[in-house]
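Please go through the two-chain model below alongside this briefing, which takes up one residue before turning to the interface, the chains and some local features.

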Amino acid sequence: MKGSLLVVSFFALGCLVGWSGYFPEFLLKGDVSMYVLYLLMFQVGISIGSDKKLKDILRSIRPKLLLIPMATMFGTLLAVALVSMLLPKWSLFNCLAIGSGFAYYSLSSILITQLKTSTLGLQMATELGIIALMSNVLREIMALLGAPLFVKYFGRLAPICAGGATTMDTTLPIITRYSGKDLVFVSIFHGMLMDFSVPFLVSFFCSF
Amino acid sequence: MIKENAMFIVIGIMFGGIAFGYFLRRVTLFQKMSNPIFYTILLLLFMLGLSVGANKTIMSNLATLGWQALLIAIAGTLGSIIMAKIVYNRFFREREKS
């Protein structure tokens, strides 16, 4: 929770500085943020590859456990597809690209802005990226705050599915607390798979 | 600004990182990646904020964008927990009882 507050405040600080206009011009060109994005992806890769628990997790996987990330994906995408009818400004695929951030706000918002600029133009692509950022931050906050409620009415897997790609890091403590310690590996496995699927699904939906 | 092959670059870099991390998994420095990742995320979001703040059209539409974001967030969360309930009841509950 402290982390997501810090993230939101850095974003707000950026907005303030951008609004004031006191910053070097070259920062607004896409190249700089793209190289930082590359750095982020490399770091995410390192953290997956060097994880000591990687082998244990891979060994404890039953095929049945794949149903949980599937539930997250299909549940999210079906509901977002329904709701996209209320958002006439954006196409079905634009909405699905936002939904397939699965609470991984940083990566999804930046990928969407970058990938959509060539087809939608900088203005619309930035707007779509902002919606993706806010929407996925909100999803993480809902997953953090709603976990006890979700367990009560939707069963022990609900906080994991709600957490999307964050269930291996930010929402893991909350999930183990409300869903039970025995689901800790399930939660990490789910988070890894979802983390991994975000760049694929977001770029897939952005290509329409 | 960006070419279609950007997604392949991004995904390729991630795979490069996985291989790099796997070969150097005994180096303790690389086992504590969550902090550097967090700082990079902060930097990226600061820069995203910069382009938002400098964009007058977006700044004046922030509330409208926020509602759309909230709608999608609620849909995604609800959809996934409903699916979680279905999967839990059908495939996981029985085993735990026995």
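Leu44(B) lies in helix α3 (residues 34-53) of chain B, where helices (H or I, at least four residues) and strands (E, at least two) are DSSP runs numbered from the N terminus. The model is predicted, so local features need pLDDT of at least 70 and side-chain atom pairs count only at pLDDT 80 or more, while totals for chains, interfaces and linings use all residues. Residues are numbered from 1 along each chain as its sequence is written, and chains are lettered from A and ligands numbered from 1 in the order in which they are written.

**Leu44(B) and its surroundings**

- Leu44(B) counts as buried because 23 other C-beta atoms lie within 10 Å; the term buried requires 20 or more other C-beta atoms within 10 Å of the residue's own, whereas 12 or fewer make a residue exposed and values in between make it partly exposed, with C-beta atoms placed from the backbone.
- Once neighbours within four places in sequence are left aside, Leu44(B) is in contact with Ser33(A), Val36(A), Leu37(A), Leu40(A), Ser106(A) and Ile110(A), contact meaning that the C-beta atoms of two residues, placed from the backbone, lie within 7 Å.
- Between Leu44(B) and Ala75(B) there are 31 residues of sequence separation, and their C-alpha atoms are 26 Å apart in space.

**Interface between the chains**

- On the side of chain A, 87 residues are in contact with 68 residues of chain B.
- Helices that each supply at least two residues to the side of chain A touching chain B are α1 (2-20), α2 (30-49), α4 (67-83), α5 (92-99), α6 (105-120), α7, α8 and α10 of chain A, and the largest share, 17 residues, comes from α2(A).
- By residue class, the side of chain A that touches chain B divides into 55 nonpolar, 26 polar and 6 charged residues, with Ala, Val, Leu, Ile, Met, Phe, Trp, Tyr, Cys and Pro taken as nonpolar, Asp, Glu, Lys and Arg as charged, and the others, Gly among them, as polar.
- For the complex, the predictor gives an ipTM of 0.81 and a pTM of 0.76.

**Chain A as a whole**

- Chain A has 10 helices and 0 strands, and its radius of gyration of 18 Å is close to the 17 Å that the globule rule gives for 208 residues, so chain A is as compact as a globular protein of that length; the radius is taken over C-alpha atoms, and the rule is 2.2 Å times the number of residues to the power 0.38.
- The C-alpha trace of chain A spans about 50 × 40 × 30 Å along its principal axes, and 55% of the 208 residues count as buried.
- Among the contacts in chain A with a separation of 6 or more, 64% are between residues 24 or more positions apart.

**Chain B and its confidence**

- Chain B has 5 helices and 0 strands, and buried residues make up 40% of its 98 residues.
- The average pLDDT of chain B is 81, with 87% of the residues scoring at least 70, where pLDDT is the predictor's confidence in each residue, from 0 to 100.
- Within chain B, confidence is lowest in helix α2 (residues 28-31), at a mean of 72, and highest in helix α5 (residues 62-97), at 89.

- Phe102(A) is placed in the loop between α5 and α6 of chain A, has a positive phi near 45° although it is a residue other than glycine, and is buried, with 33 other C-beta atoms within 10 Å.
- Ala103(A) is also placed in the loop between α5 and α6 of chain A, with a positive phi near 75° in a residue other than glycine, and is buried, with 33 other C-beta atoms within 10 Å.
- In α6(A), 13 of the 16 residues are buried, and the helix bends by about 25° at Gln114(A), the bend being the angle between axes fitted to the seven residues ending there and the seven starting there.
- Just after α6(A), Gly121(A) takes a positive phi of about 90°.

**Helix α9(A)**

- In α9 (residues 172-179) of chain A, Ile174(A), Ile175(A) and Ser179(A) are buried, and, seen down the helix axis, the buried residues fall within an arc of 100°, so they line one face of α9(A); the arc is that of the directions from the helix axis to the C-beta atoms.
- The cover over the buried residues of α9(A) includes α7 (122-154), α8 (158-163) and α10 (184-206) of chain A.
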